[in-house]
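Hi everyone, thanks for coming. Please have the sequence and the 3D view open while I talk, and stop me whenever a word is new to you.

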Amino acid sequence: MPAAVGAVFAWPCRVYWEDTDAGGVVYHARYLHFLERARSEWFRARGIGQQRLREQEGIVFVVHRMELAFNAPARLDDLLSATVSIGDLRSASFSVRQQLVREPEPRALVEANVRIACLDAQRFRPRPIPNHLLQEITPA
């Protein structure tokens, strides 16, 4: 189950064979899968259905930029917590800070800063984030 502590959303995930190399260490690109799932669940926990946004409001949220720091490896069978917290908000984009932490250790294995852009679903051009979504995205 997801957890929200203050303004931080956390999504649990497990490392499986498909995520690792022969030595049981997570492939660097697989960390993106864990981070993406956490962001998708973060949206869902706020009542924001991405498919509904595309179909009914004509907008999509896409990753515009991502910075990653790989601090330590995750390994086969690790239980990870993928966190999401809001950074800054702009008219057509916002940033989130994310971490992957091995439970129960407090150290972040991976840290990410992600810029999310709001686009018109037809033209794939930037557009302002609707006010009702800004209210859902902004931490309480």
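Let's start in strand β4, where you will find Thr 83. Strands here are DSSP runs of E with at least two residues, helices are runs of H or I with at least four, and both are numbered from the N terminus. Before we go further, this is a predicted model, so local features need pLDDT of at least 70, side-chain atom pairs count only at pLDDT 80 or more, and totals for chains, interfaces and linings use all residues. Residues are numbered from 1 along each chain as its sequence is written, and side-chain values use heavy atoms, with hydrogens and water left out.

Is Thr 83 buried or exposed? Its relative accessibility is 14%, so Thr 83 counts as buried. Buried means under 20% relative accessible area, exposed means over 50%, and partly exposed is in between, with a 1.4 Å probe and protein chains only. Which residues does Thr 83 contact, leaving aside neighbours within four places in sequence? They are Val 8, Phe 9, Ala 10, Arg 97, Gln 98 and Gln 99; contact means heavy atoms within 4.5 Å. Now look for His 132: it is 49 residues from Thr 83 in sequence, and their C-alpha atoms are 23 Å apart in space.

Ser 81 is also in strand β4. With 11% relative accessibility, Ser 81 counts as buried. Setting aside neighbours within four places, Ser 81 is in contact with Ala 10, Trp 11, Gln 99, Leu 100, Val 101 and Glu 103.

Two or more lining residues come from each of β3 (59-70), β4 (79-89), β5 (93-102) and β6 (108-120). By class, the lining has 4 nonpolar, 5 polar and 3 charged residues. Nonpolar covers Ala, Val, Leu, Ile, Met, Phe, Trp, Tyr, Cys and Pro, charged covers Asp, Glu, Lys and Arg, and the others, Gly among them, are polar.

Next, helix α1, residues 30-45. At 1.5 Å a residue, its 16 residues should span 22 Å, and the end C-alpha atoms are 23 Å apart, which agrees. That expected span is 1.5 Å times one less than the number of residues. Among the buried residues of α1 are Tyr 31, Phe 34, Leu 35, Ala 38 and Trp 42. In general, an α-helix has 3.6 residues a turn, so residues three or four places apart point the same way.

Phe 34 and Trp 42 are among the residues with the most contacts inside the largest nonpolar core, which has 32 residues. Such a core is a set of buried Ala, Val, Leu, Ile, Met, Phe, Trp, Tyr and Cys residues joined through side-chain atoms within 4.5 Å. Not counting residues up to four places away, Trp 42 touches Phe 9, Val 84, Ile 86, Phe 94 and Ile 137.

Last stop, the loops. Between β3 and β4 sits Asp 77, with a positive phi of about 75 degrees although it is not a glycine. Between β5 and β6 is Pro 104, joined to Glu 103 by a cis peptide bond with omega about 0 degrees.
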